[in-house]
Amino acid sequence: MDGKETEYFVRRDVLDELRLDEVAQKGSWSSKPSLSEQVKDSLRCSLPKVKRIILTWIPVLGWLPRYSIRENALGDLISGCSVGIMHLPQGMAYALLASLRPVYGLYTSLFPVLVYFIFGTSRHISVGTFAVLSIMVGSVTERLAPDSEFMVNGTNGTAGLDIDARDAERVKVACALTLLSGIFQILLGVVRFGFVVTYLSEPLVRGYTTGSACHVCVSQLKYLFGVKPSRFSGPFSLIYIIAATIITHYCGLTSKYYIDVVGEIPSGIKAPRVPDASLFSQVVGDAFAVAIVGYAINISLGKTFGLKHGYKVDSNQELVALGLSNTVGGFFQCYSVTSSLSRSLVQESTGGKTQVAGVISSIIVLITVLKIGALFEDLPKAVLSCIVFVNLKGMFKQFMDVAVLWKTNKVDLLVWLVTFVSTVLFNLDLGLAISVGFSMLTVIFRTQLPRYSILGNVPGTDVYLDTEIYREAKEIPGIKIFRSSTTIYYTNADMYLEALQEKSGIEIGKLLTAKKKHDAKQKRMQEKEKKKAKKEAKNQLFMSNGSCSLKGSEMNNGKISAGTKGESAANGGALSLTQTAVNGFGKGQANWAYQPDTSVSDTDSDTGCHGDGGSIPQPSREGDGGENAKTRGSGTHSVILDVSTTSFVDTVTVKTLKNIFTDFGEVDLDIYLAGCQACVVAQLEAAGFFSDSIPKSRLFVTVHDAVLHVLAKTGQTDFVIVNDCTTSSHHK
């Protein structure tokens with residue numbers, strides 16, 4: 001079909017909402033059960049239903065019995081070993097970010113991974129320690145268990161730091177934070193609140209992780225340079241750390257040089273214990289932030305791999321799985337987990353097919369904790385810091401987003417930059433709050449600042465386009481077609497009305513004022529004419545009585561006065577003309593939208609003339625042609641509101657539309673709606689929008705239907721538009 005035109009022809013009736021309901025047979029044809037039926041169904045218990053619920057909440061029971069050893073075992077084994085080897089250095093290194101001993105990073109790489117194996121729905125992500133969450137946990141542990149609270153007096157009178165007591169308290173804080181964040185995630189998953197992560201846009205997440213990477217990088221400087229600067233927390237803490245590290249290192253403040261190593265890694269696994277619930281009130285805000293950020297990273301990676309390999313990742317079940325991983329981990333002295341991009345890529349690229357790879361990686365970590373942990377006790381912390389820096393490479397590559405977003409979407413670029421700067425300057429928790437708030441504001445501003453357009457018809461088609469963008473889109477004389485690029489609701493309803501008046505050139509306020517003045521003037525003129533007529537009627541009655549007396553007298557004398565008779569006839573003629581003028585006053589109705597001058601002069605005649613004495617155009621609605629047809633072509637008599645972009649209406653929208661119909665109708669302008677979605681029509685009906693003054697016949701399926709209706713109603717013959725739409729397109 002290369003180069004060949006495809007044509008289509010459409011011939012149908014003009015469809016307003018009433019006609020559409022009849023033709024399309026509008027009704028409740030949905031097979032969706034009612035609320036009562038849904039409640040009854042949820043209370044019913046059957047074996048298939050129980051099985052379905054169990055498989056939904058415990059996905060491993062669905063795929064593990066069907067696990068193919070021949071197809072998956074080798075790939076999962078290689079992948080699990082590779083990821084397990086990565087877990088060891090990353091776990092110990094990221095534990096330093098959380099201000100915990102390295103062994104707790106190994107615990108975090110063990111227990112949560114096993115829990116996710118049971119409840120998770122992604123086959124390729126690697127759950128465990130992650131730099132961003134680690135630094136978020138570290139900011140809390142350092143805030144609630146700072147070094148200054150664990151200073152003790154030494155034997156020689158000098159103050160020393162009780163490292164064991166400090167580390168034990170920080171473990172309590174980390175476990176309490178992890179348990180509470182896990183509870184938040186479980187609750188959100190149970191109430192099917194997985195969509196909450198949609199409020200964290202991709203530019204926001206990438207800007208946040210890049211800013212977090214800066215915090216991670218700075219936190220490792222002390223290990224790289226072997227210095228111990230003072231701890232800072234809160235806004236601008238990043239800058240204070242940097243400054244203290246530079247001063248300490250280059251001013252030679254350390255009295256002796258030594259290499260800080262990992263230290264003791266106890267063999268075996270500690271018994272589970274309940275986290276300290278008394279700390280919940282102090283970490284509740286941080287726990288919610290950790291829960292949301294961890295889930296956002298987890299679901300984004302999970303959906304990426306799911307889309308690539310063709311399987312579904314349940315967002316709500318992922319919340320539950322991650323929450324259970326954190327909840328169980330909190331009892332085993334683990335801190336908050338999520339998926340890691342670097343480990344997940346290794347797990348996929350080395351042939352991993354299922355979460356069996358995660359179990360194998362956990363076995364490697366378990367062997368390390370039980371038997372060979374002592375081999376890592378002399379590992380320098382500077383080496384772990386280098387591992388952290390290497391793993392931050394991918395995050396720092398996200399700075400390239402700035403150039404891409406500059407070309408594609410500057411609003412998203414602004415979100416990225418604000419998120420990055422606020423995260424760097426105001427720390428992770430406050431930075432996240434600022435970035436989410438700013439991101440929501442951009443959404444609000446976008447809906448408050450839509451593009452408003454006047455549409456014109458492309459000749460020979462039923463297509464209506466923005467006249468400011470498309471040269472061939474021509475306005476139809478007498479008809480204004482107005483469209484907003486977004487939903488009309490309470491935040492932009494006033495702007496919609498203002499834009500309608502500005503774009504259409506119809507200043508409804510001035511027109512209403514002019515009409516009121518004209519109506520008042522007509523009323524004054526009518527009262528004046530009535531008084532005049534009444535006065536002349538009295539005079540006529542007096543003259544008639546006088547004439548009769550005179551006539552009787554003259555008849556008695558045998559004489560008739562011809563002069564008096566002529567005067568009486570003249571007065572009788574004047575009365576007849578006056579009555580005609582009064583009775584015929586104001587029968588016409590002026591369309592005030594036509595008037596270039598809204599002022600009404602006191603010298604206007606009683607027939608509705610204004611200004612220079614010209615008559616007010618009175619367009620006929622019956623298609624009478626002649627001079628009235630010329631008048632119709634010179635001014636606006638109908639306005640069509642294209643509301644096809646509106647997905648819902650609120651009470652403010654309904655009131656605004658009602659006011660438009662009422663106010664524009666006051667100046668003899670007809671308003672029509674076009675492109676209403678079925679859900680919007682239902683909401684308008686529920687809000688009592690339709691009435692005798694605003695019937696459903698004012699709603700049309702398309703703009704073209706509304707235009708054809710108006711042209712037929714007004715009988716416009718000076719504008720030709722095709723009723724049988726014919727368009728053609730080239731296929732290349």
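## A buried serine in a loop

Ser 126 is buried, with a relative accessible area of 3%. In this predicted model, Ser 126 sits in the loop that runs between α7 (111–119) and β2 (127–128). Leaving out residues up to four places away in sequence, Ser 126 touches Val 83, His 87, Thr 338, Ser 339, Ser 340, Arg 343, Ser 344 and Gln 347. Val 83 and His 87 also belong to the part of α5 that makes contact with α16.

## The protein as a whole

The protein has 732 residues, and 44% of them count as buried. Its secondary structure consists of 27 helices and twelve strands. Among contacts between residues at least 6 apart in sequence, 80% join residues at least 24 apart.

## Helix α5 against helix α16

Helix α5 (69–97) packs against helix α16 (residues 356–372) at an angle of about 45°, and the two axes are 7 Å apart. The two helices are therefore oblique to each other. The crossing of α5 and α16 is right-handed.

On the α5 side, the contact is made by Asp 76, Leu 77, Ser 79, Gly 80, Cys 81, Val 83, Gly 84, His 87 and Leu 88. On the α16 side, the contact is made by Val 356, Ala 357, Ile 360, Ser 361, Ile 364, Val 365 and Thr 368. Sorted by class, the residues of this contact are nine nonpolar, six polar and one charged.

## Helix α5 against helix α17

Helix α5 also packs against α17, here at an angle of about 95° and with the axes 9 Å apart. That angle makes α5 roughly perpendicular to α17.

From α5, the residues that meet α17 are Pro 89, Gln 90, Met 92, Ala 93, Tyr 94, Leu 96 and Leu 97. Their partners in α17 are Lys 381, Leu 384, Ile 387, Val 388 and Asn 391. The contact of α5 with α17 has nine nonpolar, two polar and one charged residues.

## The buried face of α17

Helix α17 covers residues 381–391, and its buried residues are Lys 381, Leu 384, Ser 385 and Val 388. Seen down the helix axis, these buried residues fall within an arc of 105°, so they line one face of α17. They pack against three helices: α5 (69–97), α10 (202–219) and α11 (221–225).

Asn 326 lies in helix α14, which spans residues 315–331. Asn 326 is buried, with a relative accessible area of 2%. Setting aside neighbours within four places in sequence, Asn 326 is in contact with Thr 178, Leu 179, Ser 181, Gly 182, Gln 185, Tyr 335, Ser 336 and Val 337.

Leu 425 is found in helix α20 (residues 410–448). Leu 425 has a relative accessible area of 25%, so it is partly exposed; the cut-off for buried is under 20%. Along the chain, Leu 425 and Gly 211 are 214 residues apart, while their C-alpha atoms are separated by 9.0 Å.

Technical notes:
Residues are numbered from 1 along each chain as its sequence is written. This is a predicted model: local features need pLDDT of at least 70, side-chain atom pairs count only at pLDDT 80 or more; totals for chains, interfaces and linings use all residues. Side-chain values use heavy atoms; hydrogens and water are left out. Buried means under 20% relative accessible area, exposed over 50%, partly exposed in between (1.4 Å probe, protein chains only). Helices (H or I, at least four residues) and strands (E, at least two) are DSSP runs, numbered from the N terminus. The arc is that of the directions from the helix axis to the C-beta atoms. Contact means heavy atoms within 4.5 Å. Axes are lines fitted to C-alpha atoms, for helices over the stretch in contact, and angles run from 0 to 180 degrees between N-to-C directions. Angles under 35 degrees count as roughly parallel, over 145 as roughly antiparallel, 65 to 115 as roughly perpendicular and the rest as oblique. A crossing is left-handed if the near helix is turned anticlockwise from the far one by less than a right angle, and right-handed if clockwise. Ala, Val, Leu, Ile, Met, Phe, Trp, Tyr, Cys and Pro count as nonpolar, Asp, Glu, Lys and Arg as charged, and the others, Gly among them, as polar.
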